[in-house]
Amino acid sequence: MAMLVLLAFLIFFAVLGVPLAFAIGASCVTYITANAPTFMSMVPQRIWNGAYSELMIAMPLFMLAGELMNTGGITKRIINFCLQILKPFHGGLGEVNIVASMIFGGISGSSVADTSALGSILIPAMEDLGYPPDASAGITVASSTMGMIIPPSTPMIVYAMISGASVGALFMAGAVPGILIGLTQLVVVFWISHKKHWHPKRTPFVAKEFINAILAGIPALLMPVFIIICVSFGICTASESAGVAVLYSILVGFFVYRELTWKDIWNALKKTLISSSSIMIIIGFTTIFTWVLTMQRVPDTVAAFFMGLNMPAWGIALMFDVMILLIGCFIDVSPAILLLTPILLPVMESYGFSALQFGAMMITGLAIGLVTPPVGMCLNACNKINRMPIVDIFKGALPYVICNVFVLIAISLWAPLTTWLPVLLGYSM
């Protein structure tokens, strides 16, 4: 009964329009005041401990690296590289958009940054070549979901903090699902664009242009390779690799592409400060929420309830998939991870699922929420670029988002898709 009161207060404050972090904090403080006032003195300490984590250093640094990429010329070189590589396949900017998202996601770890950076360049270009506005925007937002699945991944870092799983192992657990989403989306984009004659005419292959694009793209492409190798093989921690990514972005932007300025760095720092601080506040207040849940043994109660249903493991997995998809429509990724993981992870582990598999399920499912109304952070980022209603953008993205759903179901039913690569690299399950 007491937990129902806590949830009722949380919903009440959220409906009033209180920011989510403060809605969580206010509901927890109200609950503690009424049921355990002696614990009030521990609230500030819990908030501080929640946000004060060495692992959390990686999150703002990866965000900063993504911002520096946008202004330092790295994003443009990635797109140009993809254009040259895909020329022989009679593709088009739809395929370029997806491949560029796969590469960009391997550097920034952010789907919203992917939409903003690539969309501002590719959406106008796709429309100029005959792609309908809703298709141009839809392909952009749908492909950007790989940004938080393909390593490095900012949400994976948040999940690692809550679950205790290895960051490197989680990065590898997301690699195969992310690549599968990209490949299936490539097939769908090619089929639809060929059917509706969206493909542009083939341009002649020019060896000099191809070589220049490859050489210019190499510095940009080395970054995700370096990050994955360093974290996966234990050469450095996620935080250290994120710091190196920032330094690498600055050096490449200043001395290789010569497009980065001190003003750009200052603007990138301001944007990163605003974005990361809001997430840190949410994390701090959500720590109180999970603490209250633990005191009330809610995870144990929930696990006992689902175990009592006598459902097969695959049925529980699909049920949780639906739950994650629904919650992702209304709650942003990081808060959803912080709220759901302490409750659902013990249930999944009791059914034999590993923390790595559930982490991949969680991130893949919540990534779909980034392109579904009413919240849809990627939809809103795209709206700022082309001023289309988010419902129209979602309709254009729907055929490609279905690819994400198929991959989510696949990794839920077949564990090796998420565990094979971490085990291959020597991580314990």
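**Figure 1. Ala-58 in helix α4.** In this predicted model, Ala-58 is placed in helix α4, which covers residues 58–72. The residue is buried, because its relative accessible area is 0%, a value under the 20% limit that is applied to buried residues. Beyond the residues up to four places away in sequence, Ala-58 touches Ile-157, Ala-238, Ser-239 and Ala-242. For a sense of scale, the view may be set against Asn-310, whose C-alpha atom is separated by 41 Å from that of Ala-58, the two residues being 252 residues apart along the chain.

**Figure 2. Helix α5 and its buried residues.** Helix α5 is made of 13 residues, and from its first C-alpha to its last it reaches 19 Å, which is close to the 18 Å expected at 1.5 Å a residue. Buried residues of α5 are Ile-74, Thr-75, Ile-78, Ile-79, Phe-81, Cys-82, Gln-84 and Leu-86. Arg-77, which takes part in the pair shown in the next view, also lies in this helix, whose residues are 74–86.

**Figure 3. The salt bridge between Glu-259 and Arg-77.** Side chains of opposite charge can pair when their charged atoms come close. Searching the whole structure finds one salt bridge, and its partners are Glu-259 and Arg-77, with 2.6 Å between the closest N and O atoms. Because Glu-259 sits in the loop between α12 (238–256) and α13 (262–295) while Arg-77 belongs to helix α5, the pair ties together parts that are 182 residues apart in sequence. Glu-259 has a relative accessible area of 27%, so this residue is partly exposed.

**Figure 4. Val-256 in helix α12.** Val-256 lies in helix α12 and, at 46% relative accessibility, counts as partly exposed. When its neighbours within four places in sequence are left aside, Val-256 is in contact with Pro-219 and Leu-251. The C-alpha atoms of Val-256 and Pro-219 are 8.2 Å apart in space, although 37 residues apart in sequence.

**Figure 5. Asn-97 in helix α6.** The helix shown here is α6, made up of residues 93–108, and Asn-97 has its place in it. With a relative accessibility of 0%, Asn-97 counts as buried. Not counting residues up to four places away in sequence, Asn-97 touches Leu-118, Leu-122 and Met-126, and also Ser-136, Ile-139, Thr-140 and Ser-143.

**Figure 6. Thr-364 in helix α17.** Thr-364 is found in helix α17, which runs over residues 355–369, and the residue is buried, with a relative accessible area of 0%. Apart from its neighbours within four places in sequence, Thr-364 is in contact with Ile-149, Pro-177 and Ile-181, as well as with Asn-404, Leu-408 and Ile-411.

Figure 7. Rolling a probe the size of a water molecule over the atoms shows where empty space is left. In this model the count comes to one cavity of 30 Å³ or more, and about 40 Å³ of space lies in the largest cavity. The largest cavity is lined by 10 residues, of which Gly-328, Ile-331, Asp-332, Gly-369 and Leu-370 are the closest to its centre. By residue class, the lining of the largest cavity divides into six nonpolar residues, three polar residues and one charged residue.

Methods
Residues are numbered from 1 along each chain as its sequence is written. This is a predicted model: local features need pLDDT of at least 70, side-chain atom pairs count only at pLDDT 80 or more; totals for chains, interfaces and linings use all residues. Side-chain values use heavy atoms; hydrogens and water are left out. On a 1 Å grid over the protein atoms alone, a cavity is a set of points where a 1.4 Å probe fits but cannot get out, and a pocket is an open set with protein on both sides within 12 Å along at least five of seven lines; lining residues have an atom within 4 Å of a point. Grid points are joined across faces, edges and corners, and a volume is the space filled by probe spheres set on the points. Ala, Val, Leu, Ile, Met, Phe, Trp, Tyr, Cys and Pro count as nonpolar, Asp, Glu, Lys and Arg as charged, and the others, Gly among them, as polar. A salt bridge is a side-chain nitrogen of Lys or Arg within 4 Å of a carboxyl oxygen of Asp or Glu. Helices (H or I, at least four residues) and strands (E, at least two) are DSSP runs, numbered from the N terminus. Buried means under 20% relative accessible area, exposed over 50%, partly exposed in between (1.4 Å probe, protein chains only). Contact means heavy atoms within 4.5 Å. The expected span of a helix is 1.5 Å times one less than its number of residues.
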